[in-house]
Amino acid sequence: MTPIVWLTRLLVGAYPQWMGCTPSHKQRIYFANHTSHLDTVVIWTALPGLLRRVTRPVAAKDYWDHGLFRKRLAMKELNVVLIDRKGADRSDPLKPLKEALAAGDSLIIFPEGTRRPQPLPSEFKSGLWRLMRDFPDVELIPVYIENLYRAMPKGVLIPVPTICSIRFGAPLEHSPDEPKEEFLTKARQAVIDLAQSS
């Protein structure tokens, strides 16, 4: 285990539960609820080592591109795909994600768009739907992060030691022809179902 994996396991556990799928080298988009700045790290560390090498978390540039430690962690350890939430590139904000998928990488994304300290996810934004339409052969794996919002609530810099688990669900059935709202509701419900499966 790398130091970041070891430290994450020590502080918050981040133990994976493969409930509807198994680790696979198939190209995937893992989509999850978003409750803290640690979400990116805990899903990535929950993956087996060989999968971590080809799985890139999607992260906000305005947070992860600042500060020496954060920037090094994001770029050198996690190999994140940075997105500009402030809209500097209005042509296509999903362009970096599409480039990563086109290169064969898997992604970790948070369709809510912003973190919320609550157990269940809020409404999903349209990014996941747009990626699904452009890359219909990529597997979509719902993920539920349990208890992490207690470990690092908003404003806290150092995580409170606790135990969280990461539940990986069954691949979401999908079609490029699905209406946006129908698809997003179904995707969000898949994460909620994992939350209620304890």
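These legends cover close-up views of aromatic rings in a predicted model. Local features need pLDDT of at least 70 and side-chain atom pairs count only at pLDDT 80 or more, while totals for chains, interfaces and linings use all residues. Residues are numbered from 1 along each chain as its sequence is written, and side-chain values use heavy atoms, with hydrogens and water left out.

**View 1. Trp-18 and Phe-168 form a stacked pair.** The whole structure holds 3 aromatic pairs (Phe, Tyr or six-membered Trp rings, centres within 6.5 Å; planes under 30 degrees apart are stacked, over 60 edge-to-face, the rest tilted). Here the centres are 3.9 Å apart and the planes at 10 degrees, so the pair is stacked. Trp-18 lies in strand β1 (residues 13-18) and Phe-168 in strand β7 (residues 164-168), 150 residues apart. Strands are DSSP runs (E, at least two residues), numbered from the N terminus. Trp-18 is partly exposed at 25% relative accessibility; Phe-168 is buried at 0%. Buried means under 20% relative accessible area, exposed over 50%, partly exposed in between (1.4 Å probe, protein chains only).

View 2. Tyr-30 sits in strand β2 (residues 28-32) and Phe-168 in strand β7, so the pair ties together parts 138 residues apart in sequence. Tyr-30 is buried, at 1% relative accessibility. Trp-18, Tyr-30 and Phe-168 form one aromatic cluster.

**View 3. Arg-52 lies over the face of Trp-44.** The distance to the ring centre is 5.4 Å. The criterion is NZ of Lys or CZ of Arg within 6 Å of the ring centre and within 35 degrees of the ring normal.

**View 4. Arg-133 lies over the face of Trp-129.** The distance to the ring centre is 4.0 Å.

Methods: Helix = DSSP H or I, 4+ residues; strand = E, 2+ residues; numbered from the N terminus.
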